[in-house]
Amino acid sequence: MAGFQQNTGAEFERFHSDGTKQKSKKDKKNRPGIGVIAAVAAVLAVVILSNSMVVTKQNQFKLIRQFGRVQRVVSEPGLSFKIPFVESVDVIPNELLLYDIAASDVITSDKKTMIVDSYVLWRVTDPLKFAQTLSCSVSNAEGRIDAVVYNAMKNTISNMKQDEVIRSRDGKMTITAEEAEDIGNDMEISSDTEEVIEIKSLTEEIMEQINHVEEQYGIEIVTVEVKKLDLPDDNKQAVYTRMISERENIAAQYTAEGKSEAKIIENTTDKEVSIMLSDAQAKAEATIAEGEAEYMRILSDAYSDPEKTDFYSFVRALDALQESMTGDNKTIILSDDSPIAQIFNGQY
């Protein structure tokens, strides 16, 4: 009985031991490793973290949407967060943008066709309104800018003559009142021909008509600049010829006015020279007359004094002798009663 119990306990012990070992191997086979679980958890954490971070650059606006509706606008550069897999992000440029408008034909008020090639500098000022009206699309914004600027340019140039468009091409310029008659009838011009007036540039005229864009679409058109202002090829040569002829006429007019002014200056100068010469001649004659009068007075005083009379008679006789002795022949024949002979004879 004891042996039976002993054997039975050994078998039970072996069975229990075998059973335990078999169950342990099955658990290890069905349960995943701890390393795999940690790797999956790390990947999920990285995905969730990356999906929740919003990095805003210096030249960007970020619009945070929740189920398509804008929740907030991030305008400051840096790092912010959103709800992962629930909120989405739209990017809007926060910088000065350039849009090159295609060259187009416009007609001036005097029915002249011109080709205008221009560009626009613009930027987004209200990202929320930009998203609501233009769906955060730069191409949509450029399409609206193209239409607005073209209409403003067409309206501006259609109210100006071709010469006015050319004059205002490079910005403000100053002209005299005499030249302002061709600029336009709506300008206030003083009757003073020396007054200087200013005319608006083509850019200023266009910009006055597009201020409503910012309120409507949340964008600002900073400036509209004309790169090229040209004439159609079919009438360019004719216009150039007419312009050359007009410039030649203006040059001829200036030349004629210059010659007229030169003639007036010459006549005025000749008159002044004649007056000056006449005055100088009169002064010279008056001075000579005064000298002769003084000379006669001195002679009169000399001859009125008996002591000086002989001396001056002697000097005058020598002067007369000197005047008469000219040429190579120095021989003089005098009579006894000649004043000169009397000098040499000691009668004086």
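Residues are numbered from 1 along each chain as its sequence is written, and side-chain values use heavy atoms, with hydrogens and water left out. Because the model is predicted, local features need pLDDT of at least 70 and side-chain atom pairs count only at pLDDT 80 or more, while totals for chains, interfaces and linings use all residues.

Me: In what order do the three strands of the open sheet stand?
Reply: Helices (H or I, at least four residues) and strands (E, at least two) are DSSP runs, numbered from the N terminus, and two strands pair if DSSP finds at least two bridges between them. Strand 2 (residues 60-66) is joined to strand 3 by five bridges and to strand 5 by seven bridges. The pairing is antiparallel, and the order is 3-2-5.

Me: At about what angle does helix 3 run to strand 2?
Reply: Helix 3 (residues 127-134) lies across strand 2, strand 3 and strand 5. Axes are lines fitted to C-alpha atoms, for helices over the stretch in contact (heavy atoms within 4.5 Å), and angles run from 0 to 180 degrees between N-to-C directions. The angle of helix 3 to strand 2 is about 65 degrees.

Me: Is Arg-65 buried or exposed?
Reply: The place of Arg-65 is in strand 2, where six of the seven residues are buried. Buried means under 20% relative accessible area, exposed over 50%, and partly exposed in between (1.4 Å probe, protein chains only). With a relative accessible area of 16%, Arg-65 is buried.

Me: Which side chain is joined to that of Arg-65 by a polar contact of 2.4 Å?
Reply: In the sheet, Arg-65 has Val-70 of strand 3 as a bridge partner and stands opposite Ser-88 in strand 5. A polar contact is a pair of N or O atoms within 3.5 Å; within protein, one must be able to donate a hydrogen and the other to accept it, and residues adjacent in sequence count only if both atoms are side-chain atoms. The side chain that meets Arg-65 in this way belongs to Asp-90.

Me: How large an arc do the buried residues of helix 3 cover around the axis?
Reply: The buried residues in helix 3 are Pro-127, Phe-130, Ala-131 and Leu-134. The arc is that of the directions from the helix axis to the C-beta atoms. These residues lie on the same side of helix 3, because their arc is only 105 degrees.

Me: How far apart are the end C-alpha atoms of helix 4?
Reply: Helix 4 (residues 138-158) has 21 residues. Its expected span is 1.5 Å times one less than its number of residues, so it should span 30 Å. The distance between its end C-alpha atoms agrees, at 30 Å.
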